[in-house]
Protein chains: 2
Amino acid sequence: MKLLKNAAGRMVPDQVNGREQIPYKGVGKYIPDANRHAPRIASCANYPANGDKRLKDLKAALEKSGLRDGMTISTHHHFRNGDLLANQVFDIAHEMGVKDLTWFPSASFPCHEHLVQYLEDGTIHHIEGSMNGPLGQYVSEGRMNGTGVLRSHGGRYQAVQDGEVQIDIAVIGSPTADPFGNANGLSGDSACGLLGFALADSQYADQVIVATDNLVEFPCIPWQIQGNYVDHVVEVERLGDPGQIVSGTTRITRSPDRLMLAELTARFCDAAGIIRDGFSFQSGAGGTSLAVGEYFRQIMQEKKIRARFARGGSNQYLVSMLEEGLVDYILDGQTFDLDGVRSMAENPNHVWTSPFTSYNYHSKGNFAGMVDVVILGATEVDTSFNANVVTHSDGSLLHGIGGWQNCLFSKTVILPIPLFRDRIPVVKDRVTTLCGPGELIDVIVTERGIAINPLRKDLVEATRDSGLPIKTIEELKSEAERICGVPRSAEFEDEVVAVIKWVDGTIIDAVRKVRQE
Amino acid sequence: MKLLKNAAGRMVPDQVNGREQIPYKGVGKYIPDANRHAPRIASCANYPANGDKRLKDLKAALEKSGLRDGMTISTHHHFRNGDLLANQVFDIAHEMGVKDLTWFPSASFPCHEHLVQYLEDGTIHHIEGSMNGPLGQYVSEGRMNGTGVLRSHGGRYQAVQDGEVQIDIAVIGSPTADPFGNANGLSGDSACGLLGFALADSQYADQVIVATDNLVEFPCIPWQIQGNYVDHVVEVERLGDPGQIVSGTTRITRSPDRLMLAELTARFCDAAGIIRDGFSFQSGAGGTSLAVGEYFRQIMQEKKIRARFARGGSNQYLVSMLEEGLVDYILDGQTFDLDGVRSMAENPNHVWTSPFTSYNYHSKGNFAGMVDVVILGATEVDTSFNANVVTHSDGSLLHGIGGWQNCLFSKTVILPIPLFRDRIPVVKDRVTTLCGPGELIDVIVTERGIAINPLRKDLVEATRDSGLPIKTIEELKSEAERICGVPRSAEFEDEVVAVIKWVDGTIIDAVRKVRQE
């Protein structure tokens, strides 16, 4: 393994977990010359003639799927911190004495800290997927045997489609399913809305297990996961903790600072002419993003206009905009609360999407580019408008990428962020970990001013006389440093503990082991 | 090219149009050892950043798709005899001077007789797809340059998925579409219900053109065809003749003979215990099949039971059963009238399916096996319960296979057919063309008696004391011959003009050139 300097000037490994890697070449610069992954041709002759694929339990399904050393096992994260399934899968693998597995979740959460024991004892060799919280910390400390691989939602679809990751066994937690394997997330005790993060797994995995705690008679309608891709169906007692799946606690921020960020962001969009009849937007589920949506609502009501569609992450606020006719369609990637689940089940204009439709960069286009404005977060930005979403300024890997990288292809990308957090400036000379190239990031909104990427002359021009506090990114940085001082950089050892993939499968940056104090 | 005897005793070619072929090996006996077709990996970098894939017209799209000699061009048949698009495609190819194309429609109709000129002048080398009417006659006369290849709906999906047919350019007529290529058949002047027959084409073709006469703003909801698979979008003046697409003329037979067949069929099902609460059925769009459905309705109303689902071919009769609560779900493959289209657009329990979900044999199961009883037609059956649906007793290739072969995997397969047509017995010693193996065909219902396949001891037992006119298949044949005389066999030359694929891609029979009088 050697390190190469990629097009962003970052040193990245040429091999990860024994596989050759391509260093990042720039936005839109790497065009693959290959074919998609081709799964084996199945035959109905090998499946039950009556369509009933049930086995007695999860262990039986894992055994029948041929679980053995070195395999790649995937799960999805629609149950978020309420997931009870992934831990069971590896409990069984451990019990069976299987070793060196790769866990390929669409994301992991604090509830998966249970798996640290299996990283320790060799049941799991490494994790490819976003690691939120304890598992990220574990990786940052250099304790995982293999190297972590972080991908965006779209990048995960791309990796599976392109055969970069070949899933041996996909275990798809399904809040409702029939014995054939048709499944959806719309009802049942573990309802989570949709199952889009498991789509690639169902299409491309060698063996697909649907696990459900709400078995219904065929046909399970709608089939978000198609039973034709499914090998085995098992019933489990509980897939998840409903209180943690759709917590119903998504709330708009009450922090005056954050409300100010949100209001500035909305005013900027208005001044820039983005909020017009038939526009489209995406804003996340964080408190500030939700507040931006509410300011959009006020502006739209005043102007008597409507949005053609909102992408998201749905929640009660977005659903109410749909129901009030302010938004024609919600194109939804995951539901964050019970209103989101209800609306998706009831309203044909609340549409379930997938990383394939919305985000896959190795596709004939995707939805991200059609969104007029997207509001995202970041842990750090730098004076070249590069941004970081995975590591904190202390260097610890604590967050996943989610759809963040994919959304950067939207027409205007705005990051409303505080100028400093815990007296550490957020605007720096160089981000600790590069997740998104500055050329795709258009506007940084802070409580002390708004910086527009000079590449976006149109936005500079449109907001020149807006009365908004437009500054340069360097001015923002200086202001932060005047208040907080110049921050000390995080200290790392040489060891690469994780890599960050760009949307095309190339490596945009590496995460190094944090030097222990 | 040499001829081999397949497992059904039919002599079939080992090569067709220059490609090696596998002779039929028996039901469930051929298990492929290969991978699915892997399309090239695309990149968003090569598609418009704003998602607008429109080109000025169909010719521009065909040119941009690289149309050239020897390519395979696909179309779908949801517009049935009202299709105006396929002819335009080949008019343009002819105008461009392109030669030796393979036309790969999901089916062709009399409206495509226009294309005979292009078969004559070498623009089209041969047709792979069902040929209803004039094109079938043309092939039977030995006039096509290449060999026709007939597949079931499921077999067509299988062939594309498995890479047996590699589509260079798919042209998908789309009654509603957006500039990104999302499309559906639910509204617009050319509304045809669904677009399932074009699903494989969209997923696997190298270049995909969506042609629409009803362009809507993104997003076109629902997306039966996903724009992420689409290369180009063009507007055309008219895709089809609405009067011919959903003619609204599907009517239950008034013929007393056929009504009797239908009633006998329904009585048989009732006696056999098939019509029970939660059962499922599929019956076609022909007058007799529709009448069977109506008799089912009466029985269900009397018994106060409901069906879990009906597969089909939807029409006003099936829709009314859904709306009256007699059927929980319609799992629909194509809509035959305006009520079908309306219901599919309005009613979430009227579900659009595809040859992938319903029929693909090279899949991890499909829906066909879950249907309790299916009512089908046939041009001929023989004393081994083998059946023919493509040629008439005079040997002419006049019909497609449709979903017929795929439906044979249902739990009980019943063919209600007249014992003779135009004084030619329908029950013979040996069918002219073998389309379905007798082991999958359970019951032949004629106006002069019902024959149960001896393999189905359970049905024999269940209906023993039913009072129904149960006879042996030999008795039916003798009775027909007593009335009509022993029919003269059709006379053929040696030349193979078309082959019939089984659901697994093997060749179950060959069609030979009809000897001209």
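**Notebook: a two-chain predicted model**

**Contact between the chains**

I began with the contact, which takes 49 residues from chain B and 49 residues from chain A. I note here that the model is predicted. Next I looked up which elements of chain B give two or more residues to the side touching chain A. They are β15 (307–314), β16 (327–335) and α12 (355–358) of chain B. I then sorted that side of chain B by class. It has 24 nonpolar, 17 polar and 8 charged residues.

**How the copies are related**

I laid chain B on chain A. The RMSD is 0.0 Å, with a turn of 180 degrees and a shift of 0.0 Å along the axis. The two copies are therefore related as by a two-fold rotation axis. Which C-alpha of chain B is nearest the axis? I found that of B:A38, 2.5 Å from the axis. I also checked the surfaces used. The same surface serves both copies, and 100% of the contact residues of chain B recur in chain A.

**Domains of chain A**

I turned to chain A by itself. Chain A is divided into domain 1 (54–245) and domain 2 (256–490). Their C-alpha centres lie 29 Å apart. I looked up the contact between these domains of chain A: 32 residues of domain 1 meet 31 residues of domain 2. On the domain 1 side, the elements giving two or more residues are α4 (134–140), α5 (153–161) and α6 (199–204) of chain A. Which of them gives the most? I noted α5(A), with 7 residues. This side of domain 1 of chain A divides into 12 nonpolar, 17 polar and 3 charged residues.

**A helix pair in chain A**

I looked at helix α10 (residues 316–323) and helix α11 (residues 338–346), both of chain A. Their axes come within 8 Å and cross at roughly 35 degrees. I recorded the crossing of α10(A) and α11(A) as left-handed. From α10(A), the contact is made by A:Q316, A:V319 and A:L322. From α11(A), the contact uses A:D339, A:G340 and A:S343. By class, the residues of this contact of α10(A) with α11(A) are 2 nonpolar, 3 polar and 1 charged.

**A sheet in chain A**

I traced an open sheet of 3 strands in chain A. The order is β20-β19-β24, with mixed pairing. Which strands are at the edges? I found β20 (387–388) and β24 (427–428) of chain A, each pairing on one side only. I then followed β19 (residues 380–382) of chain A to β24(A). These strands run parallel and are joined by 2 bridges. For A:V381, I noted A:V427 as the bridge partner in β24(A).

**A sheet in chain B**

I looked up an open sheet in chain B as well. Its 3 strands stand in the order β8-β28-β29, and the pairing is mixed. The edge strands are β8 (148–150) and β29 (507–514) of chain B, each pairing on one side only. The twist in this sheet averages 40 degrees from one strand to the next. How many bridges join β8(B) to β28 (residues 492–501) of chain B? I found 3, and the two strands run parallel. Within β28(B), B:A498 is the bridge partner of B:G148.

Conventions
Residues numbered from 1 in each chain as written. Chains lettered and ligands numbered in written order. Predicted model: local features only at pLDDT ≥ 70, side-chain atom pairs only at ≥ 80, totals over all residues. Axes fitted to C-alpha atoms, helices over the stretch in contact; angles between N-to-C directions. Helix = DSSP H or I, 4+ residues; strand = E, 2+ residues; numbered from the N terminus. Left-handed = near helix turned anticlockwise from the far one by under 90°. Contact = placed C-beta atoms within 7 Å. Nonpolar A, V, L, I, M, F, W, Y, C, P; charged D, E, K, R; others polar. Domains from an automatic or database assignment. Least-squares fit on C-alpha atoms with pLDDT ≥ 70 in both. Pairing = 2+ DSSP bridges.
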